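Grab a pencil and work through a few exercises on the model below. Each one gives you a task, then a solution in steps.

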2 protein chains.
Amino acid sequence: MKPTPRTQLARKPDRGSYDRATVHAILDEGLICHLGFAVEGQPYVLPTTHARVEDRLYVHGSVASRMLKTLKGGTPVCVTVTLIDGLVLARSAFHTSMNYRSVVILGAASEVTDLEHKRSAFNALVEHILPGRGAHIRAPSDHEMSATSVLCLPITEASAKARTGGPVEAEADYALPCWAGVVPLSVQAQAPIPDARLAPDTPLPHEVAFYTR
Amino acid sequence: MKPTPRTQLARKPDRGSYDRATVHAILDEGLICHLGFAVEGQPYVLPTTHARVEDRLYVHGSVASRMLKTLKGGTPVCVTVTLIDGLVLARSAFHTSMNYRSVVILGAASEVTDLEHKRSAFNALVEHILPGRGAHIRAPSDHEMSATSVLCLPITEASAKARTGGPVEAEADYALPCWAGVVPLSVQAQAPIPDARLAPDTPLPHEVAFYTR
């Protein structure tokens, strides 16, 4: 993608990327996005699940949702996905930092009204949470489909930013006696908790038992 | 806190809370926030670290940062912190969901100019990442202090929202044969990676070795 004046990184441009594959990989790994829109000058930032299909990002919610009602009018939106990769423990407060990867998408969303398109977006939203899940569960009924708004945001004006590696210190600070380095962080799944009404002999699918992000 | 027309939850109000302790606990557990502001109607949502002290939220960054320059002018801001607690794997796509806790704060930030206040906010930002770290590392120099803007947002207009528990299904779906339940998720630390220039006999502090969030 080409940077635009709005996505061109002013601070630490060496941390930035406009590479499509880099942007897509971060969007796919992040479980949720933070979606920003403004109403009468007041911004709102709300967390929601998303799914990417090619150059399109989908979000969904109840047709009664204020957020979705606002967005489908074509108001400017910003979608940000952030992955936290680690604590950067420098020998000074000033250089203490975080390793992360993030993507910012600017644009305007439109409502998906074509039913086939909407069904495939719905499936992508399930598959984003847990690949393989869509085949095992009941697809949306017509009633559920009409109770849900699905919005599509083209991924055409976007940038990625990342910090990696260890602390970068002021030269004199390397002599300080404190420990310094990186504490890597990741999202980990704990043992699945079966639903209270699950039949006791229901097999635990492989993709649930060995979930990783 | 009292809900305002802007923080009153319209959707699923049973998931909401305006309880100060609930709001503070989520802000303290979240490593980063997503900060939203609008410039000429275009919202921007950027990830950044934060720290809470009493009823105040602090963020910081370079004095050259476009975001901080915009915010210190008192523009309306929204700060959102989200914790992802698990995948809710229902027997239908429609009821597939996530367990989460989130806080949304609305307001306007102001720059911290008093030096003692700014130093204590700087320390809180380090302690937010790793409690106990402040005592071991070099405090900011005067030059570093003047190169950094610290902003303060009062936590007076805020709401928390959470989903907990297992899937809530349409009654007929309980008969479906697929596995259903929750996959709990948490942020986990991996083995610390020492800085390449760390003296080999530097002890690993307890709070680094046993980091949990």
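**Exercise 1. Find what packs against the buried residues of α3(A), and say how they sit on the helix.**

Step 1: start with the packing partners. The buried residues of α3(A) pack against β3, β4 (56-62), α4 (142-146) and β8 (148-154) of chain A, together with β5 (76-89) of chain B. Before going on, some ground rules: this is a predicted model, where local features need pLDDT of at least 70 and side-chain atom pairs count only at pLDDT 80 or more, while totals for chains, interfaces and linings use all residues. Residues are numbered from 1 along each chain as its sequence is written, and chains are lettered from A and ligands numbered from 1 in the order in which they are written. Helices (H or I, at least four residues) and strands (E, at least two) are DSSP runs, numbered from the N terminus.

Step 2: list the buried residues. They are K118(A), A121(A), F122(A), L125(A), V126(A), H128(A) and I129(A). A residue is buried if 20 or more other C-beta atoms lie within 10 Å of its own, exposed if 12 or fewer, and partly exposed in between, with C-beta atoms placed from the backbone.

Step 3: look down the axis. These residues cover an arc of only 160°, which puts them on the same side of α3(A); the arc is that of the directions from the helix axis to the C-beta atoms.

Step 4: check the length. α3(A) has 15 residues and reaches 22 Å from its first C-alpha to its last, close to the 21 Å expected at 1.5 Å a residue. That expected span is 1.5 Å times one less than the number of residues.

**Exercise 2. Describe the side of chain A that touches chain B.**

Step 1: get the totals. 84 residues of chain A are in contact with 84 residues of chain B, contact being C-beta atoms, placed from the backbone, within 7 Å.

Step 2: pick out the top contributor. β10(A) gives the most to this side of chain A, with nine residues.

Step 3: sort by class. This side of chain A has 54 nonpolar, 20 polar and 10 charged residues. Ala, Val, Leu, Ile, Met, Phe, Trp, Tyr, Cys and Pro count as nonpolar, Asp, Glu, Lys and Arg as charged, and the others, Gly among them, as polar.

Step 4: β11(A) and β10 (residues 181-189) of chain B run antiparallel, joined by two bridges, and I193(A) stands opposite V182(B). Strands pair if DSSP finds at least two bridges between them.

**Exercise 3. Where do E40(A) and E54(A) lie, and are they buried or exposed?**

Step 1: E40(A) is in the loop between β2 and β3 of chain A, and E54(A) is in the loop between β3 and β4 of that chain.

Step 2: read the backbone angle. Phi is near 50° for E40(A), a positive value in a residue other than glycine. For E54(A), phi is also near 50°. Most residues other than glycine have a negative phi.

Step 3: count neighbours. E40(A) has 6 other C-beta atoms within 10 Å and is exposed; E54(A), with 8 C-beta neighbours inside 10 Å, counts as exposed too.

Note on methods
Contact = placed C-beta atoms within 7 Å.
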